Amino acid sequence: MLPATGLFRTINCPFYEKDLCTRPYCHFKHAKTVPPVVKYSATPKSLLNQAGAPNQSDGGEAIARKKPKLEYIPVSTVAPNDIDYDSEDDVMQQCKMIFEGYEPDTPKAEANETKSNGPVDLIDMFADKYYDDNRKKRVAYENATTSKLTPVVEKKTNHVQNAIKSVYLRQEIVRKQQEELAARKRAEEEVKRQIEEETRKAMSKPATIPAPTNGSSVTPISTNAFYNKSPETMNHGTPKSRFTPAVNVLAFQKAKEKIEQLKRNQSAFTPAQTAPKTSGRVAHTGSVLASKAAATPAAQAPPILEPASSKISYNIRMQYYGLMVKHCLNIYPTCEDAWDRAQTEELAVMKKCSTAMIYKSSALLTINKLRKEAVETGSEAADKNKTVSHDVILAGKMVNNISWSVNKKLKTEVKTSAYTIDNAPGTVAYKMIHECKLSEEQLRANGFPRATDVPGKAKIHTPKPSRPPNESERYCSRCSKVYNLETYDEPQIDACNYHPKSTCYRRGFADNLHNCCQQPSGTPGCMYANYHVSSFMDYDNLTGFVKTIEPAEDYQPTKKDVFALDCEMCYTTGGLELTRVTVVDINEKTVYDTLVKPSNRVVDYNTRFSGITEEMLRKTTTTLYNVQAVLLSMFNSETILIGHSLESDFKALKLIHDVVVDTSVLYPHKMGPPKKRALKTLCIENLKKIIQENDDGHDSAEDSVVCIQLIKHYLRNRIL
């Protein structure tokens, strides 16, 4: 648009319709539509006179007078006072030109054609582009109505990928620095070798004195008369020279280089000497391997493919990639082929594995495959892997990481014995089993009752169990609830809800499950019992115990004094009490087996584990005192008693004995004490035998026989 000059402010806008103008910055007058005001004015007398009034004298007739003529003059067309009437024609002419020059809006297609053919009207261009006919709205730029401000989303930083990438970049920098250092060393050695070669060539040429050019004589360098003599005057009695000829100097230099080369070759050897105890032993190296290693410098293998992957750590991948490269070098004759094969194998393993643990297992399988392939190709390095040194056989896989030696005994000290536990005499078999007995510290640590100064009273050195709140209350051994002893006087039904088996640890799981019902810990029990039971024993009041008697002084124990013992107990109102005892000799024959009637009322026969029922004890009259008398007559203080967790059996028997062999101690648990392995698992693992599979309960005779077999198995396979 042109700048406003005020010239068109008195002219009505031709585009102004319905109180709206579609042109921006319009300079014409915009006035609302107002009905025109009509003015009526009388005809001036002068006009009437000019028109000619009727003359009565001419016509003689009276002429009627005409009414004055009313003219319609709109207000908008009335010229203001300051405008000259003489310029009205000019103004109307300008308005007519403006009106004739106006063109209505054309479609966009026709407008595009006119733009390409004729001059561009700025007013029409702005009106078509930025304005709408239906509404008056100013638009700042194109597509402003459709654009929306979208918030900028910040990308989250992948710290794992960035860390792996930084480690990879550091590895690349170190590798490049090593390559540059190696190249620099090779260049220096090459320059040094060229200098030495030039020196040798210069020394090998004989020194000739140049002839004088101007006929003058050459002055000798030395003033010694010996060197100034001519060859003719020198006789055969010439003394020896004080300087070595050049040929001998070259020979000495070659000898020196050979000595240095021998020293470098000998640096790969280790002298046969005793290694100090503070450091590990160094293996001897052969001359062939040393010369081969010196002749062929080790090349740097390229890095792994796709090192920026975030699934597996870069260090773990490089570790197994190095092992693959080692075996691929034994398969392929060139390093490039071996590196390509190792990179391909490692990348394939990485892509099919999602965790580091799976990657390690798959990588080891790939390494084993490459090792077998190297053996099949018949390469020299693979053939050497088949041989096993004597040191590896003696010390195992850790032979290179530990310091060890073989203590050779003298021939007089070596005592070979052809006896085993199966064919040994009685005294020898007794001594062999006696070596496996528990020490006094082990007896106390495992809770065996020990003798005191007071006869009939014992002491247990393990920590005391948790005491009940008061004397009339106990903790239930199955559901761990507190109950009153007076509940035994009244009949109960399903008072105890418990799990018969404890929870076990499961690798990879957060919760532990019960072995009985596979339910997590803390869930309600899967079995019910009528009464609560307790195995509480007052450690401060251990009375009624008996101790085995000493034998005669000249008594010689044999394998007849070796017995296995096992007991079965049930729950009574007074706690755990003995209900069955079985004794087996070393030949696996039962020598004593009897049922025992408890002294208190039985609350739970514990048939699931003891195998004892109410019918079995109904006619039994044997008491604990009778059993103690029989056992004291069978055993003495030198008798060896074998069993599994015998401390519970000795507490039920109220027996004190010193010579004990416990299979739970001979075969310890991998987690250490106080954990112990079950007798059933020991039989499956060592004897390949399954026991305690009867639903009616355990058999004490079967358990005793198994204990004898485990001791024999231990003595047959132990390492002296």
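User: Before we start, what does contact mean here?
Analyst: Contact means heavy atoms within 4.5 Å. By that rule, residues 24 or more positions apart account for 59% of the contacts in the protein with a separation of 6 or more.

User: Okay, and where do the numbers come from?
Analyst: This is a predicted model, where local features need pLDDT of at least 70, side-chain atom pairs count only at pLDDT 80 or more, and totals for chains, interfaces and linings use all residues. Residues are numbered from 1 along each chain as its sequence is written, and side-chain values use heavy atoms, with hydrogens and water left out.

User: How many helices and strands does the protein have?
Analyst: There are 23 helices and 16 strands; these are DSSP runs numbered from the N terminus, with helices being H or I of at least four residues and strands E of at least two.

User: Switching topic: where is Glu346?
Analyst: Glu346 sits in helix α11.

User: Is Glu346 buried or exposed?
Analyst: Glu346 is buried, at a relative accessible area of 0% (buried means under 20%, exposed over 50%, partly exposed in between, with a 1.4 Å probe and protein chains only).

User: And what does Glu346 touch?
Analyst: Setting aside neighbours within four places in sequence, Glu346 is in contact with Ile304, Arg317, Tyr321, Met324 and Tyr359. Take Met324: its C-alpha atom is separated from that of Glu346 by 7.8 Å, and the two residues are 22 apart along the chain.

User: Last one, how much of the whole protein is buried?
Analyst: Of its 720 residues, 26% count as buried.
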